[in-house]
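Subject: A structure to look through

Hello,

I am passing on the structure that we talked about, together with some notes to read beside it. Please open it first and keep it in view while you go through the rest.

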Amino acid sequence: MLPEGKALRVIVSGRGGRMSGQVIGVLDTTPEVELAQIVGKDDSVDRLKTDVDVLVDFTAPEATVAYAHWCVEHQIPMVTGTTGLGDAERAILAKAAEHVAIVDAPNMSIGVNVLCDLLYRAVRSLGVEYDVEITDFHHHHKKDAPSGTAIRLANVVTEARGRELEDVACYSRKGPVGARPEGEVGI
């Protein structure tokens with residue numbers, strides 16, 4: 001909790017990015033928040049101000065990992081919406097979250113988060129007899145595929161079924177591949 005009258009000081013990483021621009025736009029119109037610094041994904045963490053309350057990150061996996069290490073070192077919470085993170089990067093974020101608060105959400109829209117809740121309930125109710133196929137398509141600027149949102153939805157399905165995504169995911173079906181195995185999740 002901040003003292004009364006003190007603004008929340010925020011670093012936004014990802015200068016020039018689409019989501020970072022949206023975040024900066026919101027912060028600029030929120031009186032309780034001060035935009036302390038904007039940095040690019042290629043800027044060194046040595047340039048970051050340390051008299052801040054949170055770092056907001058929408059960059060690339062390698063930058064996100066560097067920011068996570070920096071946040072742990074300086075005990076500064078982090079919010080990241082970076083997509084395209086692999087298992088190694090997710091493990092680093094999980095380890096960092098043992099030391100500082102980290103919000104890691106590949107899609108922060110209310111609608112998608114409600115969808116995740118509804119999807120979990122539907123899968124639990126319907127069981128493995130029902131096939132799941134997640135179709136992911138985006139604007140031509142999208143740099144990772146499948147998207148973080150598609151992976152999140154697939155993880156919700158496998159969590160509801162008590163399985164691990166890497167054990168049941170199928171990222172491509174082309175040609176005469178035969179019937180889909182029970183429990184497989186197509187992405």
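A word on burial comes first: a residue is called buried under 20% relative accessible area, exposed over 50%, and partly exposed in between, with a 1.4 Å probe and only the protein chains counted as cover. The model is a predicted one, in which local features need pLDDT of at least 70 and side-chain atom pairs count only at pLDDT 80 or more, while totals for chains, interfaces and linings use all residues. Residues are numbered from 1 along each chain as its sequence is written, and side-chain values use heavy atoms, with hydrogens and water left out.

Salt bridges

A salt bridge here is a side-chain nitrogen of Lys or Arg within 4 Å of a carboxyl oxygen of Asp or Glu, and a search of the whole structure gives 12 of them. Glu133 and Arg180 make one, with their closest N and O atoms 2.2 Å apart. Because Glu133 lies in strand β6 and Arg180 in the loop between β7 and β8, this pair ties together parts that are 47 residues apart in sequence; helices (H or I, at least four residues) and strands (E, at least two) are DSSP runs, numbered from the N terminus. Glu133 counts as partly exposed because its relative accessibility is 47%, and salt bridges that share partners join Glu133, Arg173, Arg180 and Glu184 into one network.

Another salt bridge is formed by Arg15 and Asp43, whose closest N and O atoms are 2.6 Å apart. Arg15 sits in the loop between β1 and α1 (18-28) and Asp43 in the loop between β2 and β3, so that the pair links distant parts of the chain, 28 residues apart.

Two strands are said to pair if DSSP finds at least two bridges between them. Strand β1 (residues 8-13) runs parallel to β3, and 4 bridges join them, with Val12 having Val56 as its bridge partner in β3. β1 also pairs in the parallel sense with strand β2 (residues 33-39), over 6 bridges, and here Val10 stands opposite Leu35. Since 5 of the 6 residues of β1 are buried, this strand is largely enclosed by the rest of the structure.

In a regular strand the side chains alternate between the two faces of the sheet. In strand β3 (residues 54-57), Val54 and Val56 point one way and Leu55 and Asp57 the other, and all are buried. β3 is joined to strand β4 (residues 78-80) by 3 bridges, and the two run parallel; the partner of Leu55 in β4 is Met78.

What is the order of the strands in the open sheet of 3 strands? The order is β6-β8-β7, with parallel pairing, and the edge strands, each pairing on one side only, are β6 (132-133) and β7 (169-170). β7 and strand β8 (residues 185-186) pair over 2 bridges, where Ala169 has Val185 as its bridge partner in β8.

A surface patch

Patches are made of residues with over 30% relative accessible area and no salt bridge, like charges being joined within 9 Å and nonpolar side chains (Val, Leu, Ile, Met, Phe, Trp, Tyr) within 5 Å. Ile110, Val114 and Leu118 make a nonpolar surface patch of about 310 Å², the accessible areas coming from the Shrake-Rupley method with a 1.4 Å probe. Ile110 is found in helix α4 (residues 110-126), and it counts as exposed because its relative accessibility is 70%.

Best wishes
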